[in-house]
Amino acid sequence: MKLKLLLIKTYYSFPIQLLLLHFRKYQVLLIFWIILFSTINGGFAKVFGGDALFLAPEYLGKVNFYSTTILGLATGMFIMSWQITTFILHTGRFKFLATTSQPFFRYCLNNSIIPLAFAICLLYRMWSYQRHEQLSSVPEILLLGEGYICGLLFIIFFCFFYFFNADKNIGRRLERRFGNPRNFLRTILKPTQEPDENALPVHNYFSTPWRIRRARNVDHYNKHYLDSILKQHHFAAMITVGCALIFLVILAYMMDYDVFRIPAGASVLIFFAFLIGVAGAYSYMLQTWSIPVLLVILFGLNWMVEHNWVDNRNKAYGLNYRQKKERPEYSVGALQTFFTREKSEADKAQTLEILKTWRSQFPADKKPRLIVMNFSGGGSRSATWSLNVLQRLDSLLHGQLLKHTVLMTGASGGMMGASYFRELYYRQQSGQPIRLWDSIYAERISRDLLNSVFSAMAVNDFITPWRSFREGNNHYAKDRGYAFEMQLNQNTDSVLNKQLKDYREPERQARIPMLIWNATINADGRRLMISPQPISYLCSPQYLYPTRQVRDIDGVDFGQYFAAQDAMDLRVTSAIRMCATFPYVLPNAFLPSSPIVDVMDAGIRDNFGQQTSLRYLYTFSKWINENTSGVVYLQIRDTRKNDISPIKKTKDLGDLLFEPLFTMQQHWSAMQDFDQDDLLNYMEGYFPDKFHRIIFQYVPQQQDKGAALSWHLTSREKLDIAHALDNPANQSALEYVLKLMK
């Protein structure tokens with residue numbers, strides 16, 4: 001009997017009733033908690049490194065007491081925003097709160113199950129992550145936890161202090177309104193005629209963290225009086241939502257200054273805090289009209305985007321988007337008219353001159369090896385792996401690697417590492433004091449990019465989408481694409497802060513190898529090839545015996561097609577970003593064609609860059625056979641070749657429903673491998689006994705501990721990538737390259 005009574009009291013306690021109410025009403029507010037819990041536990045956005053935003057928050061390039069303090073402050077803002085919003089929405093069902101002192105404090109205390117569980121879970125996961133992924137010591141982890149707790153408690157105490165003063169002000173307003181105690185009692189004790197259908201039964205509540213009190217019966221109170229008390233608290237609560245918006249706008253306008261670039265996890269939490277506040281205020285004010293008004297807003301926004309009233313499309317920095325009349329037409333017929341056979345032959349002749357210049361750098365009586373390099377996509381993981389491989393190869397070849405290389409191409413992060421290494425080599429050749437094999441360069445290319453991207457997404461893209469910057473006479477949106485390039489330049493000491501035209505002459509003089517950035521045109525899947533050299537011969541198959549009267553254009557030479565839009569002024573960092581635009585993480589870049597087309601990650605079409613390389617080799621196969629001792633074809637990839645994921649022995653309902661939809665996506669890289677292996681087999685026939693393919697692949701030391709496909713790497717992941725060169729397969733590949741180059 002006592003147990004039954006205890007269970008009944010527990011069930012009708014204020015904390016339990018509140019918890020159940022969240023699942024019964026306004027479930028949309030729980031989505032934020034679900035996303036956060038899933039993220040810190042390695043579920044949501046794991047492939048992008050989402051958990052690192054919260055478990056290893058970076059501020060000014062470091063994970064320390066200050067970075068976790070800022071994360072704690074942001075967590076506090078999110079928690080209090082959720083408390084305030086649910087307080088506004090739910091307190092009408094718990095009128096006894098109006099009869100207590102400090103109703104908001106009592107509400108938050110009893111509504112702390114979810115926030116407390118999140119804070120504890122985050123601290124536990126942070127301990128595990130810092131210990132095993134960041135390789136931090138126990139004192140360092142304790143200091144990080146202390147910073148987080150201090151930031152969280154500061155916001156909570158500050159809010160309670162604010163509402164404590166709000167309670168006093170409400171009391172003073174009541175005294176002025178009612179005049180004397182008799183009028184006050186006459187009003188509040190006047191029975192309400194209509195029943196309160198929304199009220200929920202509550203037996204007891206926590207009045208302090210250590211004391212439980214019985215909830216007061218308020219049937220003898222005037223309902224309208226209780227509502228007026230709560231509404232005055234609601235007004236005080238909504239002021240804090242406005243403060244959150246002001247804070248986000250300030251952050252957006254100060255993003256160019258390092259000190260205001262708070263950890264991305266903190267930006268996400270503050271953005272969530274704002275969204276919750278807006279959602280709560282919206283639902284509270286519109287009530288049953290909330291969904292119809294929302295539909296009207298969405299239709300209106302869609303109309304403004306469709307008619308270019310709102311245009312926040314990302315642009316490639318350096319391109320001229322102002323002259324709309326001269327934009328090249330993008331259609332099958334226009335491409336076939338533009339990329340003619342005559343243009344292809346002229347461009348081929350120019351590249352042939354580059355090859356001849358390259359050949360003249362070697363003794364006339366000894367044919368050199370010709371190296372072509374491909375780099376796979378894979379975010380910071382691939383960028384770091386590519387740079388590590390290039391440094392090791394170059395050191396073993398005594399600085400001769402890029403001297404023998406004529407072409408570098410690929411996708412995504414791998415091209416970021418390749419671009420960085422080539423620029424360092426160019427500077428070294430120009431007489432600058434560059435120690436090309438120094439580990440500092442691998443450390444720089446592996447620095448975090450994710451924080452800036454997610455911070456800009458939360459603050460710039462959603463809160464202040466109208467912000468822009470000017471370069472020459474052109475204006476571009478300050479979005480997460482801008483943040484990515486700005487952070488990349490900062491990480492690499494701005495050595496990549498150049499324009500496409502800066503590489504035109506060095507490539508023509510064969511001082512550095514040609515480098516082609518690839519992207520995928522969303523409209524039809526064609527390749528966009530970005531190079532300072534004219535390369536239209538790569539835009540269509542070179543049929544030896546043409547069987548069609550028209551050319552099958554499957555690629556676009558960016559430099560020639562957008563020449564009227566100042567294509568050679570394109571920023572190199574924009575070329576890298578266009579090549580590495582993973583869906584949603586970075587914005588698709590829109591190009592000034594007619595109609596406008598947008599591009600994204602090269603990996604959608606070819607994650608290994610081999611299609612471009614194979615067409616290049618086929619085009620110049622005759623010259624290569626006559627003037628070189630053979631092709632050394634290097635593929636630097638961040639995934640294991642011919643790897644098979646564990647196959648499930650049994651399938652559940654989810655597998656049966658969703659596997660048909662996602663099979664292509666899950667096996668995309670493997671299918672590209674199979675297709676390109678077949679093409680390589682044919683390519684060997686054009687270079688009899690002169691074609692040597694060598695693969696360097698990142699294989700983690702532990703299969704389930706590999707580096708994430710992300711723009712953030714942990715300390716353990718950086719070490720794992722560095723040590724991957726020591727595995728037997730890669731050591732054998734290194735030895736084979738040395739043997740070929742002797």
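Modeller: Happy to; we can go from the overall fold to some particular spots, keeping in mind that this is a predicted model.

Biologist: Great. How many helices and strands does the protein chain have?

Modeller: The secondary structure comes to 30 helices and 14 strands.

Biologist: And what share of the residues is buried?

Modeller: Of the 742 residues in the protein chain, 53% count as buried. As for contacts between residues at least 6 apart in sequence, 79% join residues at least 24 apart.

Biologist: Okay, let's talk holes. How many cavities of 30 Å³ or more are there?

Modeller: The count comes to five. The largest cavity has a volume of about 80 Å³.

Biologist: Which residues line the largest cavity?

Modeller: The lining is made of Ile-354, Leu-355, Trp-358, Thr-405, Val-406, Glu-507, Ala-510, Ile-512, Pro-513, Met-514 and Tyr-616. By class, that is nine nonpolar, one polar and one charged residues.

Biologist: Which element gives the most to that lining?

Modeller: That would be α14, with three residues. Both α14 (341-359) and β5 (405-410) supply at least two residues each.

Biologist: Switching to strands. Which way do the residues of β12 point?

Modeller: In β12 (residues 597-600), Val-597 and Val-599 point one way, while Asp-598 and Met-600 point the other way. All of these residues are buried. As a general point, side chains in a regular strand alternate between the two faces of the sheet.

Biologist: What does β11 do with β12?

Modeller: β11 (residues 589-591) runs antiparallel to β12, and three bridges join them. One of the bridges has Ala-589 partnered with Val-599 of β12.

Biologist: And how do β8 and β12 pair, parallel or antiparallel?

Modeller: Antiparallel: β8 (residues 514-521) and β12 pair over two bridges. Here Ile-521 stands opposite Val-599.

Biologist: Nice. I'm also curious about the aromatics; how many aromatic pairs does the structure hold?

Modeller: There are 27 aromatic pairs. Take Trp-33 and Phe-78: their rings are edge-to-face, 4.8 Å centre to centre with 70° between the planes. Trp-33 lies in α3 (residues 28-40) and Phe-78 in α5 (residues 65-90), so this pair ties together parts that are 45 residues apart in sequence.

Biologist: Are those two buried or exposed?

Modeller: Trp-33 and Phe-78 are both buried. Another pair is Trp-385 with Tyr-698, where the centres are 6.1 Å apart and the planes are at 50°, so the pair counts as tilted. Trp-385 lies in α15 (residues 379-396) and Tyr-698 in the loop between β14 (691-697) and α29 (715-723), so parts that are 313 residues apart in sequence are tied together. Trp-385 and Tyr-698 are buried too.

Biologist: New topic: why is α6 described as largely enclosed?

Modeller: Seven of the eight residues of α6 (residues 103-110) are buried, so the rest of the structure largely encloses this helix. The buried ones are Pro-103, Phe-104, Arg-106, Tyr-107, Cys-108, Leu-109 and Asn-110.

Biologist: What about Gly-414, where is that?

Modeller: Gly-414 sits in α17 (residues 412-429). Gly-414 counts as buried because its relative accessibility is 0%, and the cut-off is under 20%.

Biologist: Which residues does Gly-414 touch?

Modeller: Leaving out residues up to four places away in sequence, Gly-414 touches Phe-375, Ser-376, Gly-377, Ser-382, Ala-383 and Ser-386. The C-alpha atoms of Gly-414 and Ser-382 are separated by 4.8 Å, with the two residues 32 apart along the chain.

Biologist: Last one: is Asn-451 buried or exposed?

Modeller: Asn-451 is buried, with a relative accessible area of 7%. Asn-451 is found in α19 (residues 450-463). Neighbours within four places in sequence aside, Asn-451 is in contact with Leu-53, Glu-58, Pro-263, Ala-264 and Gly-265.

How values were computed. Residues numbered from 1 in each chain as written. Heavy atoms only, no water. 1 Å grid on protein atoms, 1.4 Å probe; cavity = no way out; pocket = protein on both sides within 12 Å on 5 of 7 lines; lining within 4 Å. Points joined across faces, edges and corners; volume = space filled by probe spheres on them. Helix = DSSP H or I, 4+ residues; strand = E, 2+ residues; numbered from the N terminus. Nonpolar A, V, L, I, M, F, W, Y, C, P; charged D, E, K, R; others polar. Buried < 20%, exposed > 50% of the residue type's maximum accessible area, 1.4 Å probe, protein only. Pairing = 2+ DSSP bridges. Contact = heavy atoms within 4.5 Å. Phe/Tyr/Trp six-rings, centres within 6.5 Å; stacked < 30°, edge-to-face > 60°.
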